Structures are given as structure tokens and as C-alpha cells.
Amino acid sequence: MIRTLAKSIRQYKLSSILAAVFVIGEVIMEVMVTFLMSKMIDEGFSSENLDYVLRIGAGMLIMTVLGLTFGLLSARFAAVASGGLARNLRKDIFYNIQDFSFQNIDKFSSASLVTRMTTDITNVQMAYMMIIRLLVRAPIMMIFSLIMAFILSPRLSLVFVIAIPALAVVLIFIIRSAHGYFTKLFKRYDHLNAVVQENLAGIRTVKAFVRESHEVDKFKVNSERILQLSKSAEKRIILMTPCMFAAVFGCILFFCTAGSNMIVSETLTTGALMSLITYSVQILSSLMMASMVLVMVVMARSSGERIAEVLTEKSTLHNQEDPDFDIPDGSIVFDHVSFSYTGDKSKEVLRDVNLKIRSGETVGIIGGTGSAKSTLVNLIPRLYDVTEGALYIGGKDVRTYDLKTLRDAVSVVLQKNVLFSGTISSNLRWGNKNATQEEIKHAADLAQASEFVERFPKKYETAIDQGGTNVSGGQKQRLCIARALLKKPKILILDDSTSAVDTKTDALIRKAFAEEIPDTTKIIIAQRISSVEHADKILVMDDGVITAVGTHEELLKSSSIYREIYESQQKGGTEDE
């Protein structure tokens, strides 16, 4: 994990090193100021040597200013380094997610990914800042203070041999007991984010069914669980402060008792005793400081592991060496194709599919919910790879093609239509970023979208809200079809993409396809038989298997499933009339 996260430091290595170097300088100045203070008391004030006091005082002032300067520089470089690490981690995670296959994305929930890119990275950022400042400062301060304490009084300084290990054991025990709660806490954050995200995405449904109170209760339950976990962790963490004060005051009490006797016997000076008390505070405070950093590191460890999990996740889909960049045509062949989302043969959702589609053909796919229609077409642009068998496009195995080339040649209008915030033009240019306004309008004409776009005051520069909430379902579908057409693909896949448009508009879209893009292979998944009845061939799917293939007339005679769907729709149409 540490090695994975460290790769994201990159250009901020120098800032990290300088932060640590200036911390060391700051510590040295603080330790020397304390040492000079004992000299001033013992050799200046005691002998009433004003000149010596002024010289030592000037030295202490210079060291104080230097210590302050080093501290400010250390803080600045630490902030730059930790902020840079957070920036690089977000960038690296986001870029890595862009390369994920659908199989990789299925492994992580969107709420979990959001938490990892926000809360988890913030925890790692804070921990890194504390590591390069406080975790460097604490041991250096402890070491230098111990050295100076032993120089002043080896006998009294032996108390640290007992106090430091005892306090360290107690702090480690506290930290280890809190770690489990922090791990559970971040998982609960994921769940809370999922609840909030689901609520915001479906707020219209929530209000339509008057389920606000139910959603509030769900939020309360998750928030309460987070509160309880936080309290359980904090109850253990707060024990560190009284333990540290007990050790500090114990050492001070020992120094005052034993030191006063040594002053009376003239084996210890007053200045040395005062410096020893200061060093005891610095040593034990440094240990406390290190423990607090370790607490943050424990919290960040859970976050770091979750971040590293995303960074080390590699796409299950990748180009082979020397990929093919030429796709001759839009012909498709499924050769004994089987597919399982988990790779488990016993859980296959497609089984032994054999199918040949000529370039330019229009193919309809009909089947019940869960018959694996969408899964079948998702294999064509390699959103998933086949588990068994082979899939050929243009006479070549899809795995031999460059992924970008393949997906540029295949336009998919998915079941869930997505528009992004921006204008209608910017959304359509997802299909072709260099498309002219005439090409955009032509694609909109083919998708029967221009008739409503032209009614908007700003036409193609009309703003689209996030998720396309300011256009209807049918309008959204038509814009998504226009976007797909702008790619000028060799294969066009419509996954139930005209379900929200009326039958007249659906017919006009199919007519435009037949007249304008005759050489493009068109695969249409639909629930309405009227959407596919004029296709060159129609596939009937049931439970991951193609049960029948033929034209509309042929299937009415040969397929009981197709005939049952047709008759139910015909009956429904008659009753509506």
C-alpha cells in the first residue's frame, strides 16, 4: 500500500524532503534555546555577569527567530507536498477508473468510489502532512532532548528509561484497540454515501410516493451508527492525554524532589534543573505527538488501503500486442459464445450462442426481462469479454482490435440514457467532437430530435441540466440516438432506446435508418414487436439462449414465444382503441 501511494508523490518529493529538513532545523533551535537558558541562569544571573547574559540572550533570540523561520518554511513545504499528493491521488484514481471495464466498475459501488476520492484522500493528505512534520519532529526532538538531558544530569535522566517505554506501551495498546473501529467507520461512510446518492438520484420518486419520512429514517440509522463508531474510537483515543500528563507530571515531580536535594548538595545547578524539567516536557510531549500522528496514520491506513485497492485495480480488458486498427465492415459472428459475469461456468447468463449477421443488416432482438439481450450486445464493443467461444467483427476476433478503434466503430445507445450538463450541441459532440453544426443537425433529423430542439429559444445551445432532467424521457432517447449517429459507426446498437417515444416517431427513426445509413449494421433491442417486425432477421431470446431466428412472418409460425408476445401486444392495442 505505502509503495502504491508513494508513487503519487512524484514532483512533490523535493517539498517533502525540505519540509523534513526544516523541521530538524526547528528542533535543533528549540533544544539549543533551552540549553542556553540553563547557561544564562547558572553563569549569567548567578554571577551577575550582565555582559554574558546579553550575549546569551542575543544568541537565544537569533535561535528563536531561526526556529520560527524554519517552522514556517516546514509548514509551507509540508502543505505543498501533502496537497500535491492529494491532487495526484485524485488524478491517478480518476484516470485509472476511466480505463476500467464494466467488470471492474461492477466491483466498486459509485458511492464507495466517491468516498475514496474525497474522505479517504483527505485522511491520507492530513496523515502525510503530519508524517513529514510531526513524525519527523517528534523522534528528533526526543533524541536531541535526551542527549542534552543526559549531558546536564545522567543520574536524573535515567527516569526517562522507565517513563518512555511505559508510556509507549500504553499508547500502542490504545491505538491498536481503536484501529478496528476506524476500519468499520469508513465502511459505514460508504453506506451512508450510497443512501444519500440514491435519495438524491431518485428524489422525484421519493416525493411521488411520499416516502420522505422513510428516507429520513434510513439516514438517521446510518448516521447514528457512524456516531456510535466514532464515539467508541474516540473513547479510546482520549485516554492518551491523561496518560501523557501522568507521565509528564510524574517526571516533573521526580525532578523537583530529587533535583532540589542535588541543588542543596551542589551536584546540580538551578539552571540545569529548569532545563531538565523543560526537556522532560519536550521528550514526553514528543512521544504524545508521535502517538497522535500514529492515530492519524491508523485512520489513514484504512483509507490508504481503500485508495490503493482502486489504484492497483487493472482493467480486465486490454489491447494485445500490435493490435489491429482496421475494421473492414460491420459483419458480426458469435461462435459458440458463452458468458458469465463472475467467470463461473455454473452462473453463465449466455450459453453457446451461434449467430451470423451480415454487414448492413438490421437485426431485431425480442425477449423477456432477464433473457440476456443487453448482455449479448455488450459483448460487441468489448464492454465485457466472452467467457467461452469467440466473437468476430469484420471477420476478425474483437480481442485483436485496438479498443478505441473498436468502440469508435460501434455506437451503443444503452438502456439507461445519460446526458451530461452542458448544451445540446456539447452533448451531441460526444459522438464526434469535431462535428460541424450541419452534421449535428443532420444527426438530430435522423433521430427525429430536431423537431423539438428547434422549438427551444436557444435551439442547439439550450442548456441541459445534469442527468438531462429538463428534457422528457423520449427527448432524451432521441438525443442519445443522434449522439450515436454522429460517430458514423459501422455497427449501431439500440438497447431498448425507443421505448419512451411514440410508435409514429419510432417508425420515422427506423425509416431514416434504412434510407440514410443502409451500410451500417443495426441491432435493435425492443419490447414492442412493431419496432423490429421490419428487420431483416429477428432473434428471440429466453434465459440466455437464442430460441429462434427469422423474419416476422417466419417467427409467427415457428416461435411460440414470439407469437405469444405478438398476440398480447395486438390484443392490448385493440383494447386501447
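A crossing is left-handed if the near helix is turned anticlockwise from the far one by less than a right angle, and right-handed if clockwise. The model is predicted, so that local features need pLDDT of at least 70 and side-chain atom pairs count only at pLDDT 80 or more, while totals for chains, interfaces and linings use all residues. Residues are numbered from 1 along each chain as its sequence is written, and side-chain values use heavy atoms, with hydrogens and water left out.

**Exercise 1.** Describe how helix α7 and helix α11 pack.

Solution. Helices are DSSP runs (H or I, at least four residues), numbered from the N terminus. Helix α7 covers residues 159–201 and helix α11 residues 270–312, and they pack at an angle of about 25° with their axes 9 Å apart. Because angles under 35 degrees count as roughly parallel, α7 is roughly parallel to α11. The crossing of α7 and α11 is right-handed.

**Exercise 2.** Characterise the salt bridge between Glu 309 and Arg 116.

Solution. A salt bridge is a side-chain nitrogen of Lys or Arg within 4 Å of a carboxyl oxygen of Asp or Glu. For Glu 309 and Arg 116 the N to O distance is 3.0 Å. Glu 309 lies in helix α11 and Arg 116 in helix α5, 193 residues apart, so the pair links distant parts of the chain. With buried meaning under 20% relative accessible area, exposed over 50% and partly exposed in between (1.4 Å probe, protein chains only), Arg 116 is buried at 7%, whereas Glu 309 is partly exposed at 33%.

Methods:
Axes fitted to C-alpha atoms, helices over the stretch in contact; angles between N-to-C directions. Helix = DSSP H or I, 4+ residues; strand = E, 2+ residues; numbered from the N terminus. Parallel < 35°, antiparallel > 145°, perpendicular 65-115°, else oblique.
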